[in-house]
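I am opening my notebook on this structure and will write down what I looked up, entry by entry. I begin with a question and then work through the rest in turn.

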Amino acid sequence: MDSFTDHLLTKTDYLSQRDNINPYTIEDGKVFDKKGKYLFDLEDFEKYEHLLYDRVTKCFISAGSMFCGFLHERRIIKTIVDEVAYELALDKVMKKGETRFLWAVHKRLMNEVILKDTDFTFDFEKATLSAIQKIMKKGDPLMISLYIKDWYPSGKGHLTFGSGYREDLNGKILGFILKDPFGKLLTNYKDHDGANSFIPLQDFKKAINGPSKAPCHIGFLQEKK
């Protein structure tokens with residue numbers, strides 16, 4: 001008998017940003033980008049594969065689309081918003097000088113386009129354990145940014161979709177469950193399957209504790225007042 005219970009808050013499809021790999025070619029055992037720039041030798045593919053991903057921006061696309069999947073699952077929106085549609089719509093709402101790194105751009109997309117004719121809005125705030133727990137205990141998944149440098153040295157900020165939590169028999173939180181677009185954090189992303197991966201509480205606290213100049217945030221649904 002398990003000494004814990006997993007609470008999964010959504011069945012929306014897991015989306016991997018690894019499907020968004022940048023185009024590359026292989027010639028004579030060497031890997032080149034789409035412009036023909038040499039990147040690395042094929043034998044070093046595993047070591048340098050991160051160079052083939054626009055990891056920071058594409059994780060926002062995958063996580064944002066998963067959040068939309070949850071909205072569709074709850075019948076809050078009527079249409080599936082896949083990754084291509086999400087990215088195209090995001091490009092349209094960005095103002096001059098803005099990038100997909102900004103939470104404010106995603107908030108604008110959600111509120112002015114995706115949630116426009118609903119009874120809900122999207123908002124974001126600095127990530128705290130208490131806020132994440134409160135939202136999930138209410139029954140909602142949410143977008144969660146992590147600072148992953150301790151597990152993936154070439155990375156920094158990363159966007160995931162919080163899909164649930166684990167608690168012991170006394171109702172104490174043991175950790176959180178993520179649909180992580182890049183794979184499993186605790187394997188240093190060597191395991192590429194990030195669907196509903198469990199992160200123990202201590203690791204999770206560390207992952208949401210980003211630097212003061214680039215703090216981690218959460219994005220969540222709330223009813224219009």
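How many nonpolar, polar and charged residues does the lining of the second largest pocket have, by class? I found 3 nonpolar, 4 polar and 4 charged residues in the lining of the second largest pocket, where Ala, Val, Leu, Ile, Met, Phe, Trp, Tyr, Cys and Pro count as nonpolar, Asp, Glu, Lys and Arg as charged, and the others, Gly among them, as polar.

**How to read my notes.** I am working with a predicted model, in which local features need pLDDT of at least 70 and side-chain atom pairs count only at pLDDT 80 or more, while totals for chains, interfaces and linings use all residues. Residues are numbered from 1 along each chain as its sequence is written, and side-chain values use heavy atoms, with hydrogens and water left out.

**Pockets.** A pocket here is an open set of points on a 1 Å grid over the protein atoms alone, where a 1.4 Å probe fits, with protein on both sides within 12 Å along at least five of seven lines, and lining residues have an atom within 4 Å of a point. A volume is the space filled by probe spheres set on the points, which are joined across faces, edges and corners. I noted about 360 Å³ for the largest pocket, and of its 16 lining residues the closest to the centre are F101, G157, H158, A214 and P215. The lining of the largest pocket has 11 nonpolar, 4 polar and 1 charged residues, and α2 (55–73), β6 (142–147) and β7 (157–168) each supply at least two of its residues. Helices (H or I, at least four residues) and strands (E, at least two) are DSSP runs, numbered from the N terminus. The second largest pocket has a volume of about 240 Å³, and its lining includes E46, K47, H50, N188 and Y189.

**Residue Y189.** I looked at Y189 again in the loop between β8 (173–179) and β9 (197–200), where Y189 has a positive phi of about 65° although it is not a glycine. Y189 counts as buried because its relative accessibility is 1% (buried means under 20% relative accessible area, exposed over 50%, partly exposed in between, with a 1.4 Å probe and protein chains only).

**Residue D28.** D28 also has a positive phi, near 55°, in a residue other than glycine. D28 sits in the loop between β2 and β3 and, at 79% relative accessibility, counts as exposed.

**The sheet.** I followed 3 strands that form an open, antiparallel sheet in the order β2-β3-β4; two strands pair if DSSP finds at least two bridges between them. β2 (24–27) and β4 (38–41) stand at the edges with a single partner strand each, so one side of each is left without a neighbour in the sheet. Strand β3 (residues 30–33) pairs with β4 over 3 bridges, and K30 has D41 of β4 as its bridge partner. The hairpin of β3 and β4 has 4 residues between the strands, and G36 there takes a positive phi near 90°.

**Cysteines.** I counted 0 disulfides, a disulfide being a pair of cysteine sulfur atoms within 2.5 Å. For C59 the nearest cysteine sulfur, that of C216, is 11 Å away, and for C68 the nearest, that of C59, is 15 Å away.

**Residue F60.** My last entry is F60 in helix α2, which counts as buried at 5% relative accessibility. The C-alpha atoms of F60 and Q17 are separated by 8.9 Å, although the two are 43 residues apart along the chain.
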